[in-house]
Amino acid sequence: MYIETIRHLHCTVLRAGGELDHAGRVRFSACINAVWDWSVGPVLVFDLADLDFYDSSVIGVLAMAMQRMEEQESGRIILVRPSDHLLSVLRLTDLLSRVELRESVEETVAELMVHNSARGSPSSPHPRFSDHRR
């Protein structure tokens with residue numbers, strides 16, 4: 001499994017690929033915790049389209065982030081191009097109503113920049129962090 005994070009002023013993009021199983025869930029959850037304060041809210045944009053395999057661990061990762069956001073009464077989770085299977089699982093677990101769906105990471109980042117700059121927030125790029133352990 002690989003995890004790549006990209007820090008933007010208004011959101012953090014988390015891309016994951018490979019196999020997300022229990023061991024990957026532990027690493028992915030730790031990664032989310034490490035980047036939690038990178039954006040206000042936070043706003044976490046998940047691109048999971050490159051996952052070849054995932055089990056219920058993907059639900060655990062998303063549920064952990066959702067629970068933390070509920071406790072803080074702040075934050076957004078945006079899923080980009082989720083598979084039909086993931087959408088089905090999210091519907092069955094009643095988590096689909098708690099995430100936003102988008103078609104493109106680039107369009108999502110641009111939308112967030114435009115929306116926030118209209119509110120008077122500056123925008124600038126931030127560093128990239130990757131965890132490519134398999």
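Modeller: Let us start with pairing: two strands are said to pair if DSSP finds at least two bridges between them. Please keep in mind that this is a predicted model.

Colleague: What makes S4 and strand S5 (residues 100-102) a pair, and which residue in S5 is the bridge partner of Leu79?

Modeller: Three bridges link S4 and S5, in the parallel sense, and because at least two bridges are required, they count as paired. The bridge partner of Leu79 in S5 is Leu101.

Colleague: How do you know that strand S3 (residues 43-54) is joined to S4?

Modeller: Five bridges join S3 to S4, and the two run parallel, with Phe46 standing opposite Leu79 of S4. Between these strands the chain passes through helix H2 (residues 57-72), and this β-α-β crossover is right-handed. A right-handed β-α-β unit is also made by S4, helix H3 (residues 84-92) and S5.

Colleague: Why is strand S4 (residues 76-80) described as largely enclosed by the rest of the structure?

Modeller: Buried means under 20% relative accessible area, and four of the five residues of S4 are buried, so the strand is largely enclosed by the rest of the structure.

Colleague: How do you know that the span of helix H1 (residues 22-35) agrees with what it should be?

Modeller: At 1.5 Å a residue, the 14 residues of H1 should span 20 Å, and the end C-alpha atoms are 20 Å apart, so the two values agree.

Colleague: What makes Asp21 a cap of H1?

Modeller: A side-chain oxygen of Asp21 lies 3.3 Å from the backbone nitrogen of Ala23, at the N-terminal end of H1, and because a polar contact requires N or O atoms within 3.5 Å, this pair meets the cut-off.

Definitions and conventions: Residues numbered from 1 in each chain as written. Predicted model: local features only at pLDDT ≥ 70, side-chain atom pairs only at ≥ 80, totals over all residues. Heavy atoms only, no water. Buried < 20%, exposed > 50% of the residue type's maximum accessible area, 1.4 Å probe, protein only. Right-handed = clockwise from strand over helix to strand, strands pointing away. Expected span 1.5 Å × (residues − 1). Polar contact = N/O pair within 3.5 Å; in protein donor to acceptor, adjacent residues only side chain to side chain.
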